Structures are given as C-alpha cells and as structure tokens.
Amino acid sequence: MRSSAVQLSAMSVLSLSLVSCSSSTSASCVDGQAPRSGSYRVVPDYYCDNGGSYGRYYWYYGGRTHGGYISRGSTIRPRGSKITSRGGRVISRGGFGGHSGSHGG
C-alpha cells in the first residue's frame, strides 16, 4: 500500500506542476492616477514599458474591463503563470523559475 500512496502523491505533484505551468493571466496597463470607484483607466501597453512613468502607470493582472476601465484584478504579479498583455504581448513566460522583465520584447 505504501508504494501506491507514493505513486498517488507523485501523480498529484505532477498534475499540479502541469496546471501551474499551463496557467495564463492577462495584464492591462493602467493609469494609477485616474481611479474611478475601484476601477482603473486602461491605457496602451507602451505606457508600462520600462517601469511606467514615475509609478503612474503599472500592470494590473486579471480583472474585468468595462468602458475603458478595469476592476476586480490585482496589482500583485502572479507567480508561475504566463502573463500576456491585453495587446497580445508576452510579459512573462511563467513556469518554475521563469521570470522576465515587465517590459517584454
């Protein structure tokens, strides 16, 4: 029985690894100085290139867009997932140990 428990454990770890490697998150560049009732104004991706402008522009992960604004997301970069900007550019490849800069390229 012990070997089947070890096999099951190994299968669980492998399954979780595959799920975390294949997860994907979208990111929107937002104007942090233009909030509206818990939402942020979405701006073109190039505003967030090279770290934004004095912290005014930054990436907002996940969320829902409505009328040029986004809410219900996070400013905290998710770990281990592929992050793609709403404009279609890959920001981070994700996976274990995978990390790339915020400006892609």
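Y40, Y58 and Y60 form one aromatic cluster. The exercises below use a predicted model, in which local features need pLDDT of at least 70, side-chain atom pairs count only at pLDDT 80 or more, and totals for chains, interfaces and linings use all residues. Residues are numbered from 1 along each chain as its sequence is written, and side-chain values use heavy atoms, with hydrogens and water left out.

**Exercise 1.** Classify the ring pair Y40 and Y58, and state which strands it links.

Step 1. Rings of Phe, Tyr and Trp (its six-membered ring) pair if their centres lie within 6.5 Å; planes under 30 degrees apart count as stacked, over 60 as edge-to-face and the rest as tilted. By this rule the count comes to 4 aromatic pairs.

Step 2. Y40 belongs to strand β2 (residues 39-42) and Y58 to strand β3 (residues 57-66), so the pair ties together parts 18 residues apart in sequence. Strands here are DSSP runs of E, at least two residues, numbered from the N terminus.

**Exercise 2.** Classify the ring pair Y40 and Y60, and say whether each residue is buried or partly exposed.

Step 1. The ring centres of Y40 and Y60 are 5.3 Å apart with planes at 50°, so this pair is tilted. It links distant parts of the chain, Y40 in strand β2 and Y60 in strand β3, 20 residues apart.

Step 2. Buried means under 20% relative accessible area, exposed over 50%, and partly exposed in between (1.4 Å probe, protein chains only).

Step 3. Y40 has a relative accessible area of 21% and is therefore partly exposed, whereas Y60, at 5%, counts as buried.

**Exercise 3.** Describe the surroundings of D31.

Step 1. D31 is located in strand β1 (residues 24-36). Its relative accessibility is 0%, so D31 counts as buried.

Step 2. A polar contact is a pair of N or O atoms within 3.5 Å; within protein, one must be able to donate a hydrogen and the other to accept it, and residues adjacent in sequence count only if both atoms are side-chain atoms. The side chains of D31 and R41 make such a contact at 2.8 Å. A polar atom of the D31 side chain also lies 2.9 Å from the backbone nitrogen of Q33.

Notes
Helices (H or I, at least four residues) and strands (E, at least two) are DSSP runs, numbered from the N terminus. Contact means heavy atoms within 4.5 Å. Lists of a residue's contacts leave out its neighbours within four places in sequence.
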